[in-house]
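Good morning, and thank you for coming. I shall present a few local features of one structure, and I ask you to follow them in the view shown here.

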Amino acid sequence: ESSHTNRKKMVEKMAQNAHQMSVKGPDGRPITLEDLPKPGITRWVTRRKAEVVAAVSGGLLSEGEACERYSLSEEEFEGWRALYSKHGRKGLRTTRIQQYR
């Protein structure tokens, strides 16, 4: 086989692996890109925020990809990440933000 064909097969295999890749979710179970909230979501419950933070922390997608996919500002995502790392999922409750800052 030619090196071009081998390279093409390698790239296809990498793309398959990326789709199958999973990281530890906020509840300890593995999550994949398919498990994440759909782009365009407008109702952000704590579980969904935590899943996105876990996906970025685990390398499933980059912070930039998450911000673009969900129309988030860098500041908004950084706020989620900080609250989640300091207080866990309960820190992501919007009604409680003042309590946790």
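Ser71 counts as exposed because its relative accessibility is 66%, where exposed means over 50% relative accessible area, buried under 20% and partly exposed in between (1.4 Å probe, protein chains only). This is a predicted model, in which local features need pLDDT of at least 70, side-chain atom pairs count only at pLDDT 80 or more, and totals for chains, interfaces and linings use all residues. Residues are numbered from 1 along each chain as its sequence is written, and side-chain values use heavy atoms, with hydrogens and water left out.

Ser71 lies in the loop between α3 (63-70) and α4; helices are DSSP runs of H or I with at least four residues, numbered from the N terminus. The phi of Ser71 is positive, near 55 degrees, although the residue is not glycine. Most residues other than glycine have a negative phi.

Let us turn to Lys49, which belongs to helix α2 (residues 46-57).

Finally, the axes of α2 and helix α4 (residues 74-87) come within 10 Å and cross at roughly 90 degrees; the axes are lines fitted to C-alpha atoms over the stretch in contact, with angles running from 0 to 180 degrees between N-to-C directions. Therefore α2 is roughly perpendicular to α4, a term for angles of 65 to 115 degrees.

Terms used:
Helix = DSSP H or I, 4+ residues; strand = E, 2+ residues; numbered from the N terminus. Parallel < 35°, antiparallel > 145°, perpendicular 65-115°, else oblique.
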